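The model is predicted.

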Amino acid sequence: MLYINGEWRDSFSGDTIEILNPATGVKLSEVASCGREETREAIEKAHEAFQTWKQTTGLERAQLLKKVADLLRENGEEIAKTITKEMGKPITEARREIISGSNYVEWFAEEAKRIYGETIPAPSFDKHLMLIQQPIGVVGAITPWNYPLSMVTRKIAPALAAGCTVVLKPAPSTPLTAIKVFECFHQAGFPKGVVNLVIGPAEEIGAELTSNPLVRKITFTGSTAVGKKLIRDSADTVKKFSMELGGHAPFIVIADANVDAAVDGAISTKFVNNGQTCICTNRIYVAEEIAEEFGKKLAVKTSQLTVGNGLNESTQVGPLINEQALNKVESHVKDAIDHNGEILCGGERLEFPNLKGCFYKPTVINHAKETMKIAKEETFGPVVPIFTFKTEEEVINKANDTHYGLAAYCYTTDLGRGLRMMRELDYGIVGINDPAPIVTQSPFGGLKESGIGKEGGKQGIQEYLEKKFVSILIE
Ligand code: ADP
C-alpha cells in the first residue's frame with residue numbers, strides 16, 4: 001500500500017510487487033507498486049502540507065513524534081518479525097533494531113524543542129544581526145533493505161522534527177516494515193501530507209524525486225554508485241544532500257591488543273546482519289607477531305556461529321538478501337583462493353532441507369593480499385580476509401588506501417597509540433577497542449566517497465535546517 005496525503009492507496013496502474021522471505025523463498029505479500037505520477041502527487045501534497053507544518057512549534061512536533069516512538073515499541077515484536085521475514089536477519093537483531101529505530105524517533109522528538117538561532121555581534125550599534133534556522137522544505141528519502149526500520153526512522157524523524165515534510169521510498173524488497181512504520185505515523189495523528197510513502201521501481205520514483213523542484217533535499221542510504229547518480233540527477237534543481245554510502249571498514253589489531261576481545265570484536269563487526277552493513281569489517285589487519293593466534297581463535301569462534309532461518313531464536317547468522325548477493329560473496333572467495341588465500345573456515349554455500357534461502361557459511365580467509373578483489377570491493381556478506389602488518393605507519397597507509405571512509409576499528413591497550421590511530425584513520429567513525437561505535441547520540445556519517453552529512457546525534461537535525469541571516473537596521 002502507498003500512503004499519500006494521509007490515505008492508504010493502490011497505484012493508478014494497479015501494479016504490484018511480490019515480497020519474498022529470503023530464508024524460505026516463500027511469498028510473504030504483494031504490495032502496490034507506483035511510478036512517477038503518484039510520486040509527483042505525493043511531493044505536491046507534501047509541499048502543501050509544509051505550508052502549515054512549518055508553522056507548528058517544536059513542542060507540537062515533539063509530542064507527535066513521541067507517540068510514534070511509543071507505538072513502535074508497543075508493536076515492537078510484530079514489527080521485528082516483519083523485519084526478519086522480509087530481510088532475513090536473526091530475530092534477536094531485529095529486536096535490537098526496534099530499540100535503535102524507536103530511540104532515534106524519541107531522540108529527535110526531543111531535539112525538535114532545541115532548534116536555536118544566534119545573535120551575531122554587529123559592526124555598528126544601529127544594527128541587529130541574527131541567524132535563524134528554518135526547515136528546508138520537502139525531503140525525498142530513499143532507504144535500503146538492510147535496516148528496513150532504523151534507516152527509515154533515522155531519516156524521517158529528524159526531518160519532521162525540523163519542520164520538513166517527507167516522501168519516502170523504501171527498498172522494493174523490504175516495504176512491509178516501512179508500511180508498519182507508516183501505520184504508526186498514521187495512528188499518532190500526523191496531519192495529512194506531512195509523511196508520504198511511495199513504493200515501486202527505483203529509477204522511476206528516483207527520477208521524480210531528483211528532478212522535481214519542490215523537493216529541496218535528498219536523503220539517501222545505499223551504494224556509492226546510486227548515491228553519485230542521485231547527486232548528478234539533482235544538479236539541475238540544486239538540492240541539499242545527506243548521503244550514507246558504501247564502506248570498506250578496516251579492523252586493526254596491534255600486537256599489544258587483548259586478542260580475545262579483538263576476536264569477539266571482529267566477529268560482531270563482521271557477522272552482524274550477515275555482513276550486510278556498511279560499517280561491517282571488510283579487512284582485518286593483524287600484527288605479524290600475533291597473527292597465528294588471532295587467526296586460529298577467530299576461525300574457531302566463526303565456525304561455531306549458528307546459521308539458519310532468522311525466526312529461530314538460536315540463529316546468529318541468517319540468509320543473504322538474494323542470489324545476486326550470494327554470487328558476489330562466492331566471487332570474492334573464489335578470487336581470494338585464486339590469489340593463494342587459505343580458507344580457515346567456511347568457504348561454501350549452506351543448504352537446508354526445508355529452506356530455499358541464500359545461505360553461506362561464515363568464512364575467514366588467511367594470507368590475504370592487496371591484489372584480491374576483497375581488499376578493495378565491499379563484500380556485503382559473511383567473509384573476512386586477514387592481512388598482516390609490521391609497523392603502525394604501514395597499517396595506517398593500508399587502512400586508508402580506499403576511496404571509502406565510513407568506519408574503522410582498532411584494538412590496542414596503548415592509549416597513546418589508540419589516540420594516534422583515532423587521528424590518522426581517514427574514517428567518519430572510529431571504534432577504539434569498541435566493536436559497536438554507533439548510538440543514538442552519535443553523529444553517523446562517512447568521509448570521502450562514503451558520504452555527505454551526519455545522521456543521529458545533535459548534528460542529525462541540522463541536516464534538515466536552513467540557516468537564514470537577518471540584518472536589521474535600527475532607526
Ligand atoms: P543496495 O545494494 O543496498 O540495494 P542500492 O544503492 O542499490 O543499494 O539501493 C538503496 C536504495 O536506493 C533502495 O531503496 C533502492 O531501490 C534505491 N535505488 C536504487 N537505484 C536507484 C535510482 N536510480 N534512483 C533512486 N533510487 C534508487
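The structure holds one cavity of 30 Å³ or more. The space in the largest cavity amounts to about 40 Å³. Its lining is formed by Gly247, His248, Lys270, Gly275, Thr277, Cys278, Cys280, Asn282, Glu378, Thr379 and Phe380. Sorted by class, the residues that line the largest cavity are three nonpolar, six polar and two charged.

The helix packing is treated next. Two packed helices are described by the angle between their axes and the distance between those axes.

| Helix pair | Angle between axes | Distance between axes |
|---|---|---|
| α2 (residues 58-74) and α6 (residues 175-188) | about 130 degrees | 9 Å |
| α3 (residues 76-87) and α4 (residues 91-111) | about 125 degrees | 8 Å |
| α3 and α6 | roughly 160 degrees | within 8 Å |

**α2 with α6.** Helices α2 and α6 pack at an angle of about 130 degrees, which makes α2 oblique to α6. The crossing of α2 past α6 is right-handed.

**α3 with α4.** The axes of α3 and α4 lie 8 Å apart at an angle of about 125 degrees, and α3 is therefore oblique to α4. Helix α3 passes α4 in a right-handed crossing. Helix α3 contributes Gly76, Glu77, Ile79, Ala80, Lys81, Ile83 and Thr84 to the contact, while α4 contributes Ile91, Ala94, Arg95, Glu97 and Ile98. The residues of the contact of α3 with α4 are six nonpolar, two polar and four charged.

**α3 with α6.** The axes of α3 and α6 cross at roughly 160 degrees, so α3 is roughly antiparallel to α6. This crossing of α3 and α6 is left-handed. The residues in contact are Glu78, Ile79, Thr82, Ile83 and Glu86 from α3, together with Pro175, Leu176, Thr177 and Lys180 from α6. They divide into four nonpolar, two polar and three charged.

Technical notes:
Residues numbered from 1 in each chain as written. Predicted model: local features only at pLDDT ≥ 70, side-chain atom pairs only at ≥ 80, totals over all residues. Heavy atoms only, no water. Axes fitted to C-alpha atoms, helices over the stretch in contact; angles between N-to-C directions. Helix = DSSP H or I, 4+ residues; strand = E, 2+ residues; numbered from the N terminus. Parallel < 35°, antiparallel > 145°, perpendicular 65-115°, else oblique. Left-handed = near helix turned anticlockwise from the far one by under 90°. 1 Å grid on protein atoms, 1.4 Å probe; cavity = no way out; pocket = protein on both sides within 12 Å on 5 of 7 lines; lining within 4 Å. Points joined across faces, edges and corners; volume = space filled by probe spheres on them. Nonpolar A, V, L, I, M, F, W, Y, C, P; charged D, E, K, R; others polar. Contact = heavy atoms within 4.5 Å.
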